[in-house]
Amino acid sequence: MSSDTVSMLPVAENGTGASKIRKNSPMDAGEMLERLDARRVRVEFIDTDGRLRGKYVTVEKALSKGGIGLPEFFYALSVDDGAYDVPIASADHGFPDFFAIPDWSTLRPAPNEDGVAAVICDVQSKTGEPVQFDGRSALRRTCARLAEAGFDALIGVELEFYLYEVDEHGETALREQHPTRLRPVGRTRQTLSVHRWPDHGKFVADLDSAMESYGIEVEAFSTELGYGMLEAALSPVPPLQAADNAARFKQACKDVARRNGMLASFVAKPHMKQEGAGAHLHQSLLRNGQNVFCPEDELSTGMSETFRHYVGGVVATAGELSVFQCPYANSYRRLDPKFFAPTNISWGIDNRAACLRVITDSRSATRLEHRRGGADFHPYLAIAASLDGGLHGIRNRIEPPRASTGAAYADAEAKPFPGNLRAAAAALHDSGLARQWYGDDFVEHYAASRVSEISTYEALRDGYVPDWELARYLEVT
């Protein structure tokens, strides 16, 4: 489910002053690092899966003009630190360095790490060009297209996740690789519960403090339907900052959980009989500070022509770009309409059964909520896909199909999404628009990484006898 707490109004600057640092200004950054009393800088970068990784370097190294060396092989790393079967994983390339260049506007004190500052990096080649495999660079190019069209955007990200106890029982379950034996925090399923809140209260207080250090405002926390399940609604901010905030939130959430004797998981579907964990993208376009999704008549609510065309474009492109929303094999287990997870490319007015929920209750909060993504989504690429699809619709004046009412998942006129990871990777590979927007190298690389992921999954799935099967037959046959 999804809260209605996300308004599409800009939030105030955080109090660190870091947001005022120019993007690549080492002089300003040096002053800020000195003010933070930083002894080390955690330089952060985004891997192929959209996850935050990094290394800890000296202040002098972080401020150096040449950037921080990052082997090309970084973009071949899989979720288990093996290698995806992608061209740059070949030794024929020699694994040369790329260079991570700090985006000093993201400089913040690292939560719970004394004397450490954190900064997110853009990645460049030796010739100073953005690396095509980099998801943050892809979203930067989307933002440039947005600006060229005369728009700004606000993105509010909602993330759902599960919390598990990591006591002695939990440690054993993890060590023996039986994570299904983990015990969730909380014994009952109570959505929007005040009664259940003490189960999570200290964790959330610590997480809120970490987010404040990062300069990230969490507009709302709430319990969700699943056992030990929470939702956080991040306040709306510009697209690149929204993706940075989502990546940092997920990492901080895991760190804070560990400090509280818990494990936080953003896997899309950890339990088949419980709700999946989603990531919903609330989005609106602005021109000169005004929400262009609203009708021109300042007394009216509803959808402007621009908003209709935006929705039309997202509908038209959602299928071929859907792998950014659902990038793993497990992602597709979540897609069950009875658990509010859409299986078709439908849209509707304030309809949570639809993939795209149009919200027009007030002019300040008029927006589109994209509900396809799981909490395992790629934040940079999922945001880029929505914005590029919407711009495509505006440029080409694409009218959306008929709005779905009621059970949108049963709407026979709505096109289905690719049904599994291999099909979604193929749809991206064959997408002319994706190649136009993100480049052939990017599309070939990302599609290959998803094919590699599903191939690994299939090999693991078929390579052992599952616990339930052995338990059923071990003693009786």
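Across the whole structure, a search finds 28 salt bridges. The model is a predicted one. One of these salt bridges joins the side chains of E44 and R248, with an N to O distance of 3.0 Å. E44 belongs to strand β1 (residues 40-46) and R248 to helix α6, so this pair ties together parts that are 204 residues apart in sequence.

Helix α6 (residues 239-259) also packs against helix α3 (residues 135-148). The angle between these helices is about 155°, and their axes are 9 Å apart. Because angles over 145 degrees count as roughly antiparallel, α3 is described as roughly antiparallel to α6.

| Helix | Residue range | Contact residues |
|---|---|---|
| α3 | residues 135-148 | R136, L139, R140, C143 and L146 |
| α6 | residues 239-259 | P239, L240, A243 and D244 |

By class, the residues of the α3 contact with α6 comprise 6 nonpolar and 3 charged, with no polar ones. R136, R140 and D244 count as charged, and each of them is part of the contact.

V465, L470 and L474 make a nonpolar surface patch of about 290 Å². Where in the chain does V465 lie? V465 is in the loop between α11 (440-462) and α12 (467-473).

Conventions. Residues numbered from 1 in each chain as written. Predicted model: local features only at pLDDT ≥ 70, side-chain atom pairs only at ≥ 80, totals over all residues. Heavy atoms only, no water. Patch = residues over 30% accessible without salt bridge, like charges linked within 9 Å, V, L, I, M, F, W, Y side chains within 5 Å. Areas by Shrake-Rupley, 256 points an atom, 1.4 Å probe, with all protein chains shown as cover. Salt bridge = Lys/Arg side-chain N within 4 Å of Asp/Glu carboxyl O. Helix = DSSP H or I, 4+ residues; strand = E, 2+ residues; numbered from the N terminus. Axes fitted to C-alpha atoms, helices over the stretch in contact; angles between N-to-C directions. Parallel < 35°, antiparallel > 145°, perpendicular 65-115°, else oblique. Contact = heavy atoms within 4.5 Å.
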